[in-house]
Amino acid sequence: MENAIVIKGLTKSYKQLNVLKGVDLAVEKGRIFALLGSNGAGKTTLVKILTTLLKADGGHAAVNGLDVAAKAAEVRRSISLTGQFAAVDEILTARENLVMIAKLRHLPNPSRIADDLLRRFGLTEAADRRVATYSGGMRRRLDIAMSLVGSPRILFLDEPTTGLDPEARIEVWKTVKELADNGTTVFLTTQQLEEAEQLADRIAILHEGKIIANGTLAQLKQLFPPAKVEYIEKQPTLEDIFLSIIGKKEE
């Protein structure tokens with residue numbers, strides 16, 4: 001299958017701190033790719049480079065076949081980024097937020113685009129309410145809907161369920177799965193291991209600036225020691241695998 005993102009030998013430092021130390025990755029089109037890592041592992045730095053918000057010190061990265069350094073403007077037209085906190089205007093309604101983004105992108109029929117996305121994300125009934133009245137899950141769904149104005153081929157989600165309650169988190173998971181089912185490539189960063197386990201077709205672990213594991217959930221499970229049999233067989237969770245790979249033991 002063709003790759004949507006290709007990264008080779010990517011490096012980035014801030015003064016004396018080496019954040020990325022030669023990252024190599026490939027993300028297939030139409031898949032959900034999860035990048036796991038602790039705080040300070042370099043996840044957000046990598047996303048910023050891929051979305052042209054930051055320049056790498058070395059290596060090469062291509063998104064949709066476009067070099068992120070040499071063709072930054074073209075890359076930006078083909079992607080969208082949703083950060084850790086919903087970037088919505090709370091004074092406006094959901095419909096007004098979507099129409100505003102469509103107009104900023106100079107797209108025809110902004111109202112029709114807004115109506116389509118409101119219906120797709122289950123926000124039609126609340127479309128004309130101010131966003132300040134929305135729950136956390138509704139705001140995040142609107143935030144993702146705004147990211148899809150213009151039909152980007154790749155959606156970057158940087159810890160999209162930060163601060164959400166379990167019910168809202170499940171709502172976002174359902175939305176992300178539907179996006180992938182419709183052909184959108186999703187690059188997801190998260191610290192929530194259950195989130196990666198639920199969503200991702202492929203998972204990579206970024207630790208101290210390097211990719212130390214990369215594969216499907218089934219492949220990562222093979223890196224974990226065989227299940228211990230006591231009274232029942234204990235299968236490793238993704239959390240067990242993550243802690244084992246980065247060299248930490250359960251306390």
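Two rings of Phe, Tyr or Trp (its six-membered ring) count as a pair if their centres lie within 6.5 Å; planes under 30 degrees apart are called stacked, over 60 edge-to-face, and the rest tilted. By that definition, ring pairs join Phe33, Phe156 and Phe187 into a cluster. Please keep in mind that this is a predicted model, where local features need pLDDT of at least 70 and side-chain atom pairs count only at pLDDT 80 or more, while totals for chains, interfaces and linings use all residues. Residues are numbered from 1 along each chain as its sequence is written, and side-chain values use heavy atoms, with hydrogens and water left out.

**Aromatic pairs**

- The structure holds two aromatic pairs.
- One of them is tilted, because the rings of Phe156 and Phe187 have their planes at 45 degrees, with centres 5.4 Å apart.
- This pair links distant parts of the chain, as Phe156 sits in strand β7 and Phe187 in strand β8 (residues 185-190), 31 residues apart.
- Helices (H or I, at least four residues) and strands (E, at least two) are DSSP runs, numbered from the N terminus.
- Phe156 and Phe187 are both buried (under 20% relative accessible area, with exposed being over 50% and partly exposed in between; 1.4 Å probe, protein chains only).

**Positive phi in non-glycine residues**

- Glu159 has a positive phi of about 50 degrees, although it is not a glycine.
- Glu159 belongs to the loop between β7 (154-158) and α6 (166-181), and its relative accessibility of 9% makes it buried.
- Glu208, also not a glycine, has a positive phi of about 50 degrees.
- Glu208 lies in the loop between β9 (202-207) and β10 (210-215), and is exposed, at 54% relative accessible area.
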